[in-house]
Amino acid sequence: MSPSPFHPTRTPAVTEAGEHLRRLRRQAGLSQLDLALLAGVSQRHLSCVETGRAKASPATLHALLGALSVPLEHCNEVFLAAGYAPRYAASAPDAPALKMVHDALEHILLANNPAPAIVIASNWDIIAANASVGLLFAMAGVPTSSATRLNLLDTLLRPGGLGDHLVNADEIRAIAWQRAAREALGNPDLAQRLQGLPAPPALAPDTPLAPVVLTRVRTAEGELRFLSTFTTFGMPQDITVASLRIEHLVPADDESWQAMATAYQRVIRNAEI
């Protein structure tokens, strides 16, 4: 399948590009001089672009948006507002051009065993996982179905999912909800999913703060504790690729490492029989 470009629903005025840039700059907490220095343009030209007195070239827009780390979907909106064609496509997941991406994901997931790792799409669907994720769910007694795609928000927030097996469920659910709510501001699909999920109670303001929040899973082998880290692709030029992230659940203590390693070695031995 060929890439599907981002299509506008209307033709905005060119001056709106400057309004987009000014709002994004202010959200980033940057002055015009700060952004001009980061993007390699003059402050005077940036001022004229923001007020609509000058039209930025595609190269200038690319530099400014890159300096602001704007999501690719939003970059397309700014290019359209300036009267240019959208710059970034959203390839279908099975597009041939993404084979190297899927190969890289498969390699990373395999290398993370016996630590669990999942690939999450922009709507929080789990589109790939390594063997250790299935082991962790089984150890926790969480039912899964290979017939349907698992969504991380669903399994954390809905009754009967992984959230019910977390020692610190209130903490993890609140953090997941806050993160998803921020992302949903520019993601209608995610916003719709959140509307159908039960909102968790907010954490009390006096909740003690730890250096890193642990995911604490209740299992038949005892409590397993994990640090959560994320990996994304560097310098993505495709909306689909930019939306992907790998969440690594790194065992936080020797007991958790040993439990996961033992379960994974058992799977390997059984496969060799």
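Analyst: **Helix packing and the interior**

Helix H2 (residues 32-39) packs against helix H4 (residues 58-67) at an angle of about 110 degrees, and their axes are 9 Å apart. Helices (H or I, at least four residues) and strands (E, at least two) are DSSP runs, numbered from the N terminus. Axes are lines fitted to C-alpha atoms, for helices over the stretch in contact, and angles run from 0 to 180 degrees between N-to-C directions. This is a predicted model: local features need pLDDT of at least 70 and side-chain atom pairs pLDDT 80 or more, while totals for chains, interfaces and linings use all residues. Residues are numbered from 1 along each chain as its sequence is written, and side-chain values use heavy atoms, with hydrogens and water left out.

H2 and H4 are therefore roughly perpendicular to each other (65 to 115 degrees; under 35 is roughly parallel, over 145 roughly antiparallel and the rest oblique). The crossing of H2 past H4 is right-handed, that is, the near helix is turned clockwise from the far one by less than a right angle, anticlockwise being left-handed. From H2, Leu 35, Leu 38 and Ala 39 meet Ala 63, Leu 64 and Ala 67 of H4, a contact being heavy atoms within 4.5 Å.

On the H7 side, Ala 131, Ser 132, Leu 135, Leu 136 and Met 139 meet Ala 259, Met 260, Ala 263, Tyr 264 and Val 267 of H12.

H7 is largely enclosed by the rest of the structure, because 7 of its 10 residues are buried (under 20% relative accessible area with a 1.4 Å probe, protein chains only; exposed is over 50%, partly exposed in between). Ser 132, Val 133, Leu 135, Leu 136, Phe 137, Met 139 and Ala 140 are the buried residues of H7. After H7 comes Gly 141, with a positive phi near 80 degrees.

The largest nonpolar core has 33 residues, and Trp 124, Leu 153 and Leu 156 have the most contacts inside it. Such a core is a set of buried Ala, Val, Leu, Ile, Met, Phe, Trp, Tyr and Cys residues joined through side-chain atoms within 4.5 Å. H7 gives the most, with 6 residues. Apart from this core lies another, of 23 residues, among them Leu 64, Leu 65, Phe 79 and Ala 82.

Leu 153 touches residues including Trp 124, Ala 176, Leu 190 and Leu 194, leaving out those up to four places away in sequence. Trp 124 sits in the hairpin of S3 and S4, which has 5 residues between the strands, and takes a positive phi near 75 degrees.

S3 and S4 belong to an open sheet of 5 strands, antiparallel in pairing and ordered S4-S3-S7-S6-S5; strands pair if DSSP finds at least two bridges between them. S4 (126-129) and S5 (215-219) stand at the edges with a single partner strand each, so one side of each is left without a neighbour in the sheet. Neighbouring strands are turned by 30 degrees against each other on average, direction ignored.
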